[in-house]
Amino acid sequence: MASNVRTRFAPSPTGYMHVGNLRTALYTYLQARHNGGAFILRIEDTDQGRYVEGATDIIYDTLRATGLTWDEGPDIGGPVGPYVQSQRMGMFKQYAEQLVKAGKAYYCFCTEERLNELHEAQRAAGEMTHYDGHCRDLSPEEVAAKLAAGEPYVIRQKIPESGVAAFDDVVYGHIEVNVSELDDQILIKTDGMPTYNFANVVDDHLMGITHVIRGSEYLSSTPKYNLLYDAFGWEKPVYIHCPPVMKDAQNKLSKR
C-alpha cells in the first residue's frame with residue numbers, strides 16, 4: 001500500500017544550519033521514512049535582506065553529510081516544483097485576491113505613518129500592538145477608487161471577530177486561542193510579495209504536505225494558519241511542534 005504521507009523541511013538560507021534545524025530535519029525525515037512517504041526539501045528564500053551567499057549549499061551539504069536524503073527538492077525536481085520559494089512568487093497574490101473575493105481578506109491602505117502612530121498610542125496605553133481594523137469595512141466603491149488612484153496597499157487576513165481557533169498538536173495536545181487575540185495579519189506586502197506565513201500555508205497545500213513538523217516557536221502562529229486553511233476550504237496538516245533544544249533545564253542552546 002502506497003503511503004501518501006508528505007513532509008517538508010523548509011530552511012531559509014541565512015547562514016549555517018544549527019542543531020535545532022537539523023533536529024527538525026531529522027524528525028521530518030523520519031516521519032516520512034517511517035510511513036513510506038516522501039520527504040521534500042523547500043528553500044524559503046523570500047527574506048532577501050537576510051540571504052547569505054552560499055547558505056543553500058551549506059543546507060545541501062549538511063543534510064547529505066547526516067544522511068537525510070530528500071525525494072523532491074530544488075536540485076532534483078519533482079511534481080510540485082519549483083522548490084525554491086522566490087521562484088514561486090507569481091502565484092501568491094492571486095490566492096490572496098481569491099480570499100478578498102470570498103470576504104476572508106481585505107485591502108488595507110493605511111500608511112506607515114498611521115500604523116506607527118497607532119502602535120505608539122497602543123504601547124503608551126500598555127496594550128499589545130495590533131492593527132485596529134481601520135480598512136476592514138471599506139465599501140467596494142471606496143476600495144475600487146483607492147485602487148484606481150494607485151494608492152499603495154497590503155492585503156490582510158480578516159480574522160473572525162469572535163469564537164475560538166483550536167487545533168490538536170501531536171506533542172502539545174489540544175490548544176485553543178480566542179480569535180479576538182489574533183491580529184489581522186498581512187498576507188501580501190506593499191511590493192506584492194507574500195509574507196512568510198502566507199507563502200508557507202499556500203506552499204504546504206500545493207505541495208500536498210500532510211505533516212508539518214517545526215519548532216514550538218510557531219505554536220502561536222498555528223491558529224492563524226488554520227484560519228487560512230479554513231478560508232480556502234483546504235485540509236489541514238497534522239502538526240508536530242518540537243520543544244526547543246536545551247543546553248540545560250533552564251536555557252535554550254544558543255544557535256551558535
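A: Let us start with a term: a residue is buried when its relative accessible area is under 20%, exposed when over 50%, and partly exposed in between, using a 1.4 Å probe and protein chains only. The model is predicted, so local features need pLDDT of at least 70 and side-chain atom pairs pLDDT 80 or more, while totals for chains, interfaces and linings use all residues. Residues are numbered from 1 along each chain as its sequence is written, and side-chain values use heavy atoms, leaving out hydrogens and water.

Q: How many disulfides does a search of the whole structure find?

A: A disulfide is a covalent bond between the sulfur atoms of two cysteines, taken here as a pair of sulfur atoms within 2.5 Å. The search of the whole structure finds 0; for C108, the nearest cysteine sulfur, that of C110, is 3.9 Å away. C108 is buried, at a relative accessible area of 2%.

Q: Which residues touch the most other members of the largest nonpolar core?

A: A nonpolar core is a set of buried Ala, Val, Leu, Ile, Met, Phe, Trp, Tyr and Cys residues joined through side-chain atoms within 4.5 Å. In the largest, of 39 residues, they are I155 and F198. Its largest share, 5 residues, comes from α3. Another core, of 14 residues, lies apart from it and includes F9 and L41.

Technical notes
Helices (H or I, at least four residues) and strands (E, at least two) are DSSP runs, numbered from the N terminus.
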